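Got your viewer open and a selection box ready? Let's take a walk through the model, one selection at a time.

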Amino acid sequence: MLIELKNVTHIYNQKQGIKALDNINLKIDEHDFIGIVGHTGSGKTTLVQMFNSLIKPTSGEIFVDGIKTTKKNVDLNRVRQIVGLVFQYPEHQLFEETVYKDVAFGPNNLKLKKDEIDKRVKVALDLAGLDFEEFKDRSPFNLSGGQQRRVAIAGVLAMRPRVLILDEPSAGLDPQGREKLKALLKRLHKNYNITIILISHRMEEITQLSNRVIVMDHGKIVLNGSPKEVFSYKEKLESLSLELPEITEILFRLRERGCDIRTDIFTVEEAVEEITKLMGSQKDAN
Amino acid sequence: MSLLDVIGVEFKYHGQPEPALKNINFKVKQGDFISIIGANGSGKSTLAKLLNVLLKPNKGDILVEEINTKEKEKIWDIRKNVGMVFQNPDNQIVATMVEDDVAFGLENIAIPSAEIRKRVDHALKLVNLDGYESHETHKLSGGQKQRLAIAGIIAMEPSCIVLDEPTAMLDPQGRKEVIDTIKFLNKEKGITIILITHFMEEATVADRVYVMNEGEIKLQGSPTEIFREIDYLRSINLDVPVVVEVANGLKKEGINIPDILTIDGLVDALC
């Protein structure tokens with residue numbers, strides 16, 4: 001078990017008393033790839049900020065790799081080395097003169113040796129898909145939006161986190177940028193054994209990448225299971241004004257018309273195969 | 001008469017070796033709904049900025065209701081005619097109260113206050129924000145903020161609105177609100193729309209789609225025509241709507257269905 005939340009409740013404004021998180025119990029295992037969905041204001045961002053102790057809950061307990069982070073005097077640096085957080089629009093936080101300095105900022109704070117920092121910056125930029133020699137001396141502010149975002153992600157990767165949280169990392173990226181980001185996350189998860197927690201409004205991303213989906217509403221976890229389980233609750237998701245993945249939507253609509261068709265499919269290829277089978281069997285029946 | 005006439009336009013940013021736009025030619029008529037798609041860096045936003053004179057072409061001409069955007073003293077007339085909505089909702093709001101924000105542009109051009117009241121109320125109604133007149137702008141959702149930005153533009157009574165990825169920073173709910181508003185303004189109010197977007201589903205709503213790559217318009221046609229070119233779109237780093245991909249896959253399997261752009265269309269064709 002890497003992260004565990006026990007009865008976690010958070011209230012931002014005591015006067016209003018609205019619970020941003022309402023009695024959350026959650027376990028995240030090493031090597032999970034978790035997708036978190038929920039409409040704006042459902043508590044997704046507050047939840048992930050609990051994981052690296054950016055916010056401490058009003059009540060409840062949180063454990064990260066055995067460290068009780070809700071205890072006083074906890075070593076926050078250690079917690080944040082384990083759990084790296086990529087904020088929404090992380091490129092807004094770039095500030096250094098060069099790409100190298102920006103990515104090296106975290107490792108520098110760890111007081112690492114110069115050649116270790118060098119190595120980490122190289123590896124992080126390489127992972128993020130940016131050529132070290134080409135980008136190291138460039139100003140982060142003269143890069144495209146997609147490149148800036150990758151520099152920001154490299155800055156978090158250079159800290160070598162075991163858990164990587166990303167809050168809407170594909171917002172505003174073009175299709176190519178989104179594909180590259182997806183490939184990066186897959187690589188980090190498979191080849192580097194990093195546990196990943198992804199917040200996204202794009203259901204296709206969630207179904208293609210994660211092994212577990214958490215659905216939030218009003219500060220509560222309302223669904224928690226494999227993509228196949230979670231996206232079988234069509235009415236529930238619609239009542240939370242969440243979109244279904246487009247493939248799922250197509251299959252459900254066909255089933256509503258009386259077609260005998262599976263709905264737990266998330267790729268175009270499988271959907272085509274399933275619909276083709278259906279059309280074939282209808283032909284035979286005629 | 002065309003509303004917009006873009007003739008042989010080229011544009012190069014200072015210090016860049018390659019032009020951002022090359023040989024751009026198109027016409028837009030009053031009431032058209034055009035969407036422009038293209039990967040990052042394809043020149044979409046540059047083109048938008050040329051249309052409302054934030055930039056001027058190095059070569060060629062842009063005529064807005066027959067006024068050339070190079071005519072310095074006409075800049076403000078053109079900008080009044082071609083309203084622009086940007087990506088980030090937070091960068092476009094100037095006032096703390098909703099109705100003041102809509103009135104901002106009108107006050108700047110010294111419209112009488114009774115007329116301002118009328119136009120503000122009308123604009124808020126059109127974007128479905130009536131009742132929010134005295135709300136604080138910073139408390140609005142992203143979708144509401146973008147609709148407020150659109151209201152501010154409508155109040156100026158432009159003949160054309162250019163929207164540069166207006167939904168990129170919104171959640172699905174906000175995206176739907178904004179797209180519904182744009183459709184309504186075009187279909188019911190006859191306002192000309194130029195919508196730049198990364199969401200292919202949004203482009204299917206338009207009457208015509210322009211596909212940009214490397215500073216040029218490479219394809220133009222109806223959404224059905226454009227999204228037939230799946231392989232080409234992929235080759236220039238665009239995707240196609242999932243439903244189009246599914247329909248295309250089914251055709252390859254020998255299932256006879258027409259060109260399809262929406263889930264409704266696919267379901268109807270199959271059952």
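Helices and strands on this tour are DSSP runs, numbered from the N terminus: helices are H or I with at least four residues, strands are E with at least two. This is a predicted model, in which local features need pLDDT of at least 70, side-chain atom pairs count only at pLDDT 80 or more, and totals for chains, interfaces and linings use all residues. Residues are numbered from 1 along each chain as its sequence is written, chains are lettered from A and ligands numbered from 1 in the order in which they are written, and side-chain values use heavy atoms, with hydrogens and water left out.

**Stop 1: chain A as a whole**

Select chain A, which has 12 helices and 10 strands. Its C-alpha atoms fill a box of roughly 75 × 50 × 30 Å along the principal axes. The radius of gyration, taken over C-alpha atoms, is compared here with a globule rule of 2.2 Å times the number of residues to the power 0.38. For 286 residues a compact globule would come out near 19 Å, and chain A has 21 Å, which agrees.

Now colour chain A by burial: buried means under 20% relative accessible area, exposed over 50%, and partly exposed in between (1.4 Å probe, protein chains only). By that cut-off, 55% of the 286 residues of chain A count as buried.

**Stop 2: a sheet in chain B**

Jump to chain B and show S2, S1, S4 and S5. In that order, these 4 strands form an open sheet with antiparallel pairing; two strands pair if DSSP finds at least two bridges between them. Strand S2 (21-28) and strand S5 (67-68) are the edges, each pairing on one side only. Strand S1 (residues 4-11) of chain B is joined to S2(B) by 5 bridges.

Contact means heavy atoms within 4.5 Å.

How many residues of H1(B) are buried? The count is 6 of the 8, so H1(B) is largely enclosed by the rest of the structure. Among them are B:Lys44, B:Leu47 and B:Leu51. After H1(B) comes B:Val53, with a positive phi near 60°.

Most residues other than glycine have a negative phi, and most peptide bonds are trans. While you're on torsions, go back to S2 of chain B and pick B:Asn23. B:Asn23 isn't a glycine, yet has a positive phi of about 45°. With a relative accessible area of 53%, B:Asn23 is exposed.

**Stop 3: a parallel pair**

Select strand S6 (residues 82-85) and strand S7 (residues 160-164) of chain B, which pair in the parallel sense over 4 bridges. B:Met84 stands opposite B:Val162 in S7(B). Both faces of S6(B) are covered: B:Val82 and B:Met84 on one side, B:Gly83 and B:Val85 on the other, are all buried.

In the loop between helix H5 (142-154) and S7 of chain B sits B:Glu157, another non-glycine with a positive phi, about 50°.

**Stop 4: B:Ile193**

Centre on B:Ile193 in strand S8 (residues 192-196) of chain B. Its relative accessibility is 0%, so B:Ile193 counts as buried. Leaving out residues up to four places away in sequence, B:Ile193 touches several others, including B:Phe33, B:Ile161 and B:Leu163.

**Stop 5: the cores**

A nonpolar core is a set of buried Ala, Val, Leu, Ile, Met, Phe, Trp, Tyr and Cys residues joined through side-chain atoms within 4.5 Å. Which members of the largest one touch the most other members? Pick A:Ile275, B:Val246, B:Leu250, B:Leu266 and B:Leu270, out of 38 residues. Among the elements that each supply at least two residues are helix H12 (268-285) of chain A and helix H11 (263-270) of chain B. Zoom in on B:Leu270: beyond its neighbours within four places in sequence, its contacts include A:Leu254, A:Met279 and B:Ile257. A second, separate core has 35 residues, including B:Leu140, B:Leu148 and B:Ile193.

**Last stop: a hairpin**

Finish with strands S9 and S10 (residues 216-221) of chain B, an antiparallel pair over 5 bridges. B:Tyr210 stands opposite B:Gln220 in S10(B). The hairpin has 2 residues between the strands, and B:Glu214 there takes a positive phi near 45°.
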